[in-house]
Amino acid sequence: MLRLSAPPPGGRRKRREPWQAQACVRGSGGPGGGCCRCSRLGAAPTPEREGGGGWCSRCRPAAGSAPWPSSARSRGGGPTRPSTASTLDKEVPAKRSKTNGSEVVFNMVVEVPRWSNAKMEIATKELLNPIKQDIKRGKLRYVANIFPHKGYIWNYGALPQTWEDPHHKDKDTGCCGDNDPIDVCEIGTKVHSLGEIVQVKVLGVMALIDEGETDWKIIAISVDDPEAQKIHDIDDVKKHKPGYLEATVEWFRFYKVPDDKPENQFAFNGEFKDKDFAVEIIKSTHEYWKALLHKKADRGAIKCMNVLVHDSPFCCSEEDARLIVQSTPPPVRGDSVSAEVDVWHFLNK
């Protein structure tokens, strides 16, 4: 799982761009050279891991900075030890694409892999904001399968360094924010892993009104996806992935109905806005995030401890953050997942 990277012994860490970060995934790596994430051999040693454990070539690519340092846990029902990925810059991690100057690339933190049901999310009210499974009425929460869908129909996650301010009423939706980082639906072909940092290019956005709160849903695709070179805006999604956007609206409209809640509503009559509109929304939520980390906004119960927003009053040392991570309980085997998770719900739509 992700944890903070230490500077190399005897020197300062080489400066990275805002959209780049190193991550160390605590797992099975050890002196024998196995990858500390996936058990593959040939891992390169990392200075922050005693014994020389590191990553294999597949797990070594740079991870991105999280809005709140994020963590990972298993796909099963049992808890795992939280983990963190430090923010590397106080600016939102974005850059112009090398292949097309009109495209903007962001880092996405994957909370829920496609086809899975466990409702994982960044726990903003806990120290270092681990990714944890939501609990409702004392039970782990899973999203229902509404025919013909199975679990989440995209890789679902959040954009780094954004916050939907619950005290700000959006001029377009007429509702305040949902107090979370802005959500992302990654529509590429690969099923990504929980806690993975994926560089995505933004294609568009929809405005969900969830129980009276504005809940923006960014539509994006991994820059490494085979179809990324032909999908550049929301109209390209309609062209190359027909039915996907309509299924997305349907999914968000009905996903709470099996839990005896009303259908969700949408701003703009459920229409998707284009890439430029989406980028402006991201920029605004980044400004709210900056206000949050500098005590210029009411944070409520949100924990803002971080390691690299140095002018933030919530900034702590990497050693302090590491001690918090290392003090968490060890992984344990949880209860088996109920068969109800695989039930299909048929609704009169």
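**Exercise 1. Where is the place of Val-307? Is Val-307 buried or exposed?**

Solution. The model is predicted.
Step 1: find the elements on either side. Val-307 sits in the loop between α3 (275-293) and α4 (318-326).
Step 2: check the cover. Val-307 has 4% relative accessibility. Buried means under 20%, so Val-307 counts as buried.
Step 3: look for Glu-318. In sequence, Val-307 and Glu-318 are eleven residues apart. In space, their C-alpha atoms are 5.8 Å apart.

**Exercise 2. Find how many residues of helix α2 are buried, and name them.**

Solution. 
Step 1: take the range. Helix α2 covers residues 244-254.
Step 2: count. Eight of its eleven residues are buried, so the helix is mostly covered.
Step 3: name them. The buried residues of α2 are Tyr-244, Leu-245, Ala-247, Thr-248, Val-249, Trp-251, Phe-252 and Phe-254.

**Exercise 3. Which parts of the chain does the salt bridge between Lys-150 and Asp-342 tie together?**

Solution. 
Step 1: check the distance. The closest N and O atoms of Lys-150 and Asp-342 are 3.9 Å apart. A salt bridge needs them within 4 Å, so this pair forms one.
Step 2: Lys-150 lies in the loop between β11 and β12, and Asp-342 in the loop between α4 and β18 (344-345), so the pair ties together parts that are 192 residues apart in sequence.
Step 3: compare with the surface. Lys-150 is partly exposed at 30% relative accessibility. Asp-342 is exposed at 55%.

**Exercise 4. Which salt bridges does Glu-227 form?**

Solution. 
Step 1: start with Lys-230. The closest N and O atoms of Glu-227 and Lys-230 are 3.9 Å apart. Lys-230 is partly exposed, with a relative accessible area of 40%.
Step 2: go on to Lys-241. Here the closest N and O atoms are 2.7 Å apart.
Step 3: Glu-227 is in the loop between β15 (213-222) and α1 (234-240). Lys-241 is in the loop between α1 and α2, 14 residues apart from Glu-227.
Step 4: check the cover. Both Glu-227 and Lys-241 are buried.

**Exercise 5. Describe the second largest cavity: what is its volume, and which residues line it?**

Solution. 
Step 1: count. There are two cavities of 30 Å³ or more.
Step 2: take the volume. The second largest cavity has about 30 Å³.
Step 3: list the lining. Arg-141, Tyr-142, Val-143, Ala-144, Tyr-255, Lys-256 and Asp-259 line this cavity.
Step 4: sort by class. The lining has four nonpolar, three charged and no polar residues.

Notes. Residues are numbered from 1 along each chain as its sequence is written. This is a predicted model: local features need pLDDT of at least 70, side-chain atom pairs count only at pLDDT 80 or more; totals for chains, interfaces and linings use all residues. Side-chain values use heavy atoms; hydrogens and water are left out. On a 1 Å grid over the protein atoms alone, a cavity is a set of points where a 1.4 Å probe fits but cannot get out, and a pocket is an open set with protein on both sides within 12 Å along at least five of seven lines; lining residues have an atom within 4 Å of a point. Grid points are joined across faces, edges and corners, and a volume is the space filled by probe spheres set on the points. Ala, Val, Leu, Ile, Met, Phe, Trp, Tyr, Cys and Pro count as nonpolar, Asp, Glu, Lys and Arg as charged, and the others, Gly among them, as polar. Helices (H or I, at least four residues) and strands (E, at least two) are DSSP runs, numbered from the N terminus. Buried means under 20% relative accessible area, exposed over 50%, partly exposed in between (1.4 Å probe, protein chains only). A salt bridge is a side-chain nitrogen of Lys or Arg within 4 Å of a carboxyl oxygen of Asp or Glu.
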